[in-house]
Structure formats: C-alpha cells, structure tokens
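Colleague: Before I rely on the descriptions attached to this model, I would like to go through the terms one by one and hear what each of them rests on.

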Amino acid sequence: MSVPSNAVILQAAYDDLLRRSLSKISGDLARIIYLASTRDYNTGTYHHDGLAARFRSDVAAAALEAAHREIFYRIAACSLEQLVGELEIYLNSSHQAREDVLHIWQKLEPYRLALPMDTNAAVARLFVSNLRLALAILQRQAQPTVDP
Amino acid sequence: MIAISSLIVGAVLLLVLLAIAVRGWLAARDSADLLGSDDEVGKEGCPSEFVGRIFSPVDWRYVHEMKSPDIEKLFRKERRTVALVWVRQVSFAIRRIMREHAAIARQSSNLRAATELKIFVQFTALMVTCGAIRVGIDLAGPMRIGGLARYAHSLAQQVARAEQTFELAMQQRARPVQ
C-alpha cells in the first residue's frame, strides 16, 4: 500500500477546510476575516484544532495559509463594484448594527490584519485601498439624501 | 516683437516642465514611505492581472456614475497611491536586477557585447517608461495610462527573463569541463 505524498495530504486538508468550515461562511470577506483570525499574532502560524486533529498541525497550518492567500488574491482582484457587493454580504451577515460596523471598520481598519504574509506590496495596498473606498461608498449610500 | 513672444512662450513651457518634474519628484518621495526596503519589494512580483486592475478605467467609471465629488476625490487619491507603489516596485526590482547583473558581469571574462547592449537598452527604456508613468499618474490619473503600465510590466518581465538566461549561461561557462 502506497503512502500518500505531502501534496496529497495538503490537498485533502484544504478540501476538508473548504467543505467543513469555509463553505458555511457567506462571502469571501467574511472568509478572509475568519482565516486571518486563525493566525497567531506573534508567530504568524495558523491554528485550527479540528483540522489539526484530522490531519497534522503543520498540514492544517499550510492548508489554512493556502486558503487565506487564495481568498486574499480573489478579493484583491475584484472590481470596486464587486467589492462593494462583498462588503454588503458581510454587513448583512453580521449580527451587529450595519452603521456601527461601517463606522468601526472606517476608524480601525481591521481588514489590514487580513493581509497574508509576504504578499506583493502593490496588491496589498490595492486591497486596503479598495476596501477603504467600498466603505466610503456604502457609508454614502447609508446617508439620507437631502432634498433641495 | 516675435522674439519677445517666443521668449515668453519658452519661459512658460520651461516653468510647466519644471512644475511637472517637481510634482513627479514629490510623488516619488511620497510613495517612498509606503514601501519598506528593496527586500520587501522583491519577495513576490506583482501578477499581471493586478497591473490591469490598478490602472483599469472600470472602477473609475463606476465611481464617476455615483456623481459624488467626495468619492471621486477619494478614489483619485487612493488609486494614485497604489499606482505609485507599483511604479516604485518596478523601478526597485529592475535596479536590483541590474545591480546583480553588473556584479556577475564584472566577474565574467567572456561577455557578449550584443547581449549586454540589449539588456542596457531594455533597462534604459524601462526606467524612462517608469518616469513617464509617474508623470502620467499625476497629470492624467492611473486609469488613463493603463497601456503604458502594461508595456512597462511586460518590459520588466523581459529584462528579468534576459537576466535569468544570462546568469544560467555564466554558471554553465564557469563549470569545469569534465
């Protein structure tokens, strides 16, 4: 009987992550926030108890990192209009008041923590910049229009 | 009379060029703090699809349709910053490639003049293009100079490939004959 290669195990862990966790989260923005939250702030390594129990912890970490990078590049490649749509999905699925989330996101820019390690500087900047714009657009849409 | 008016036109043109040069220099200085070091720039190249996205007019059309001067202003500011980061990244990367090339070339005893000239011409064209993009970003905005950015991106890839080929050739020549 042949032993599966590292690449095969990693792919299995990745598929497991998509099937059990990420598919249950609505929208790529919520997915990237979730994946970034599995990363240790001090060490930069990813942890997921369930995935590590089914596979090894290093395999789980690699699968989480791969998924994080993939979703990051998918969001960064979105047009501004698509990103506004993604942000809408995120706000609608959030349990907090929409205007509060918009306000906090504009003030604290928590999405900066969602950047994967060692990404291209221009792409990282595009991601942050587009989110800033998407927030401003939704903020403007939320404001009541004043009749002349 | 004609001589005086020519002189005035010349002086005005000179001032305009000077203003453009100063703006370009200030823009380059502004984007300097957005990137850390040469190392940070070189970790991962900017994929082609993102070059298209940074300089795409699609987002601008979307923002323009909103008819909000504030959003338009924010968009111009944000996209200009991203575009300048990208230009700086290309300039850094290409200068690093040339430094590495010069270091290898100094140790080599059998350089090919045609290859060296080709690399030098590509390098010069790229640096001039990066300068033109910087000015273009300031004068017209990133969304109107997408073609120039794509040209610079493909030229940078050509220079990187030529340098890889050169390095491989030098390594093969340096190997002892068995």
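Predicted model: local features only at pLDDT ≥ 70, side-chain atom pairs only at ≥ 80, totals over all residues.

Colleague: What is B:I54 in contact with, leaving aside its neighbours within four places in sequence?

Modeller: From chain A, B:I54 meets A:A122 and A:L126, and from chain B it meets B:V82, B:A83, B:W86 and B:P142. Each of these counts as a contact because the C-beta atoms of the two residues lie within 7 Å.

Colleague: Why are α4(A) and α7(A) called roughly perpendicular to each other?

Modeller: The axes of α4(A), residues 57–76, and of α7(A) come within 9 Å and cross at roughly 65°. Angles of 65 to 115 degrees count as roughly perpendicular, and the two helices are therefore described in that way. The crossing of α4(A) past α7(A) is left-handed. On the α4(A) side the contact is made by A:F72, A:I75 and A:A76, and on the α7(A) side by A:V123, A:L126 and A:F127.

Colleague: How do you know which classes of residue make up the contact of α4(A) with α7(A)?

Modeller: Phe, Ile, Ala, Val and Leu are all listed as nonpolar, and the contact accordingly divides into 6 nonpolar, no polar and no charged residues.

Colleague: What makes α5(A) roughly perpendicular to α7(A)?

Modeller: Helices α5(A) and α7(A) pack at an angle of about 65°, with their axes 9 Å apart, and that angle makes α5(A) roughly perpendicular to α7(A). Their crossing is right-handed. The residues that make this contact are A:L80, A:L83, A:V84 and A:L87 of α5(A), together with A:N130, A:L131, A:L133, A:A134, A:L135, A:I137 and A:L138 of α7(A).

Colleague: How many residues are in contact between chain A and chain B, and which element of chain A gives the most?

Modeller: On chain A there are 19 residues in contact with 26 residues of chain B. The elements of chain A that give two or more residues to this side are α5 (80–93) and α7 (121–142), and α7(A) gives the most, with 11 residues. The side of chain A that touches chain B divides into 10 nonpolar, 4 polar and 5 charged residues.

Colleague: What share of each chain counts as buried?

Modeller: In chain A, 34% of the 148 residues count as buried, and in chain B buried residues make up 26% of 178. The label requires 20 or more other C-beta atoms within 10 Å of a residue's own.

Colleague: What is the secondary structure of chain A and of chain B?

Modeller: Chain A has 7 helices and 0 strands, and chain B likewise comes to 7 helices and 0 strands. Among contacts in chain B between residues at least 6 apart in sequence, 83% join residues at least 24 apart. The C-alpha trace of chain A spans about 80 × 30 × 30 Å along its principal axes.

Note on methods:
Residues numbered from 1 in each chain as written. Chains lettered and ligands numbered in written order. Helix = DSSP H or I, 4+ residues; strand = E, 2+ residues; numbered from the N terminus. Buried ≥ 20, exposed ≤ 12 C-beta atoms within 10 Å, placed from the backbone. Axes fitted to C-alpha atoms, helices over the stretch in contact; angles between N-to-C directions. Parallel < 35°, antiparallel > 145°, perpendicular 65-115°, else oblique. Left-handed = near helix turned anticlockwise from the far one by under 90°.
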